[in-house]
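Trainee: I have a model open and would like to learn how to read it. Where do we begin?

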Amino acid sequence: MLGNQAGVIKGSPHPNAGKLLLEFLMSKEGTDIYVGNEAIYSFRENYTPPENVRPFLMDLSKVKLLGLKDWVAAQRSFKKVRGEWLEVFK
C-alpha cells in the first residue's frame, strides 16, 4: 500500500492557503471527505472510514502492514524483482 503525499510548493503564490488546505485534509473532517469520495486508505491512528466506503476497504486494524523506508533503493531493484515475479507467476 502506498501513502499519499502532499505539500506546499516552495515559492507558491499563496503558501498560507496551501497550508490551510493541508491542515484541513489532515483533519478528521477532511480525511472523511477525501476517503469517502475516493475510497482510499487513511493511516490516521484509530481511524474509521465513512460508512459508504467501508465495504470497499480492508479493515486496517486487522492487517499487518510492512513499511518501506528506502523507496530509491527499492526502485533500483524493481526490474530484477519484477523479472523474478514474472518467472514465478506467468
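Trainee: What is the mean pLDDT of the chain?

Mentor: pLDDT is the predictor's confidence in each residue, from 0 to 100. Where it is low, the predicted coordinates should not be read in detail. Here the chain averages 88, and 97% of its residues reach 70 or more.

Trainee: Which residues make the nonpolar surface patch?

Mentor: Patches are made of residues with over 30% relative accessible area and no salt bridge; like charges are joined within 9 Å, and nonpolar side chains (Val, Leu, Ile, Met, Phe, Trp, Tyr) within 5 Å. Accessible areas come from the Shrake-Rupley method with a 1.4 Å probe, and for residues only the protein chains shown count as cover. In this model Leu21, Phe24, Leu25, Met26, Ile33 and Tyr34 form a nonpolar patch of about 570 Å².

Trainee: Which helix gives the most to the patch?

Mentor: Helix 1, with four residues. Helix 1 spans 15-26 and helix 2 spans 28-38, and each supplies at least two patch residues. Take Leu25, in helix 1. Leu25 counts as partly exposed because its relative accessibility is 34%. The classes are these: buried is under 20% relative accessible area, exposed is over 50%, and partly exposed is in between (1.4 Å probe, protein chains only).

Trainee: Which residues of helix 2 are buried?

Mentor: Gly30, Thr31, Val35 and Gly36. Their cover includes helix 1.

Trainee: How many salt bridges does a search of the whole structure find?

Mentor: Side chains of opposite charge can pair when their charged atoms come close. The cut-off is a side-chain nitrogen of Lys or Arg within 4 Å of a carboxyl oxygen of Asp or Glu. The search finds five. One of them joins Asp32 and Lys28, at 2.8 Å from N to O. Both residues lie in helix 2, four residues apart, about one turn of the helix. Asp32 is partly exposed, at 23% relative accessibility. Lys28 is partly exposed too, at 41%.

Trainee: What does Arg54 form a salt bridge with?

Mentor: Glu51, with the closest N and O atoms 2.7 Å apart. Arg54 is partly exposed, at 36% relative accessible area. Glu51 has 57%, so it counts as exposed. Another bridge pairs Glu87 with Lys90, where the closest N and O atoms are 3.6 Å apart. Glu87 is exposed at 56%, and Lys90 is exposed at 75%.

Trainee: Where is Ala39, the residue with a phi near 55°?

Mentor: Most residues other than glycine have a negative phi, and most peptide bonds are trans. Ala39 has a positive phi, near 55°, and is not a glycine. Ala39 follows helix 2, in the loop between helix 2 and helix 3. Its relative accessible area is 33%, so Ala39 is partly exposed. Asn46 also has a positive phi, about 60°. Asn46 sits in the loop between helix 2 and helix 3 and is exposed, at 74%.

Trainee: Is Ser42 buried or exposed?

Mentor: Buried, because its relative accessibility is 15%. Ser42 belongs to the loop between helix 2 and helix 3, the latter being 71-76. Contact means heavy atoms within 4.5 Å. Beyond its neighbours within four places in sequence, Ser42 is in contact with Thr31, Val35, Tyr47 and Leu60.

Methods: Residues are numbered from 1 along each chain as its sequence is written. This is a predicted model: local features need pLDDT of at least 70, side-chain atom pairs count only at pLDDT 80 or more; totals for chains, interfaces and linings use all residues. Side-chain values use heavy atoms; hydrogens and water are left out.
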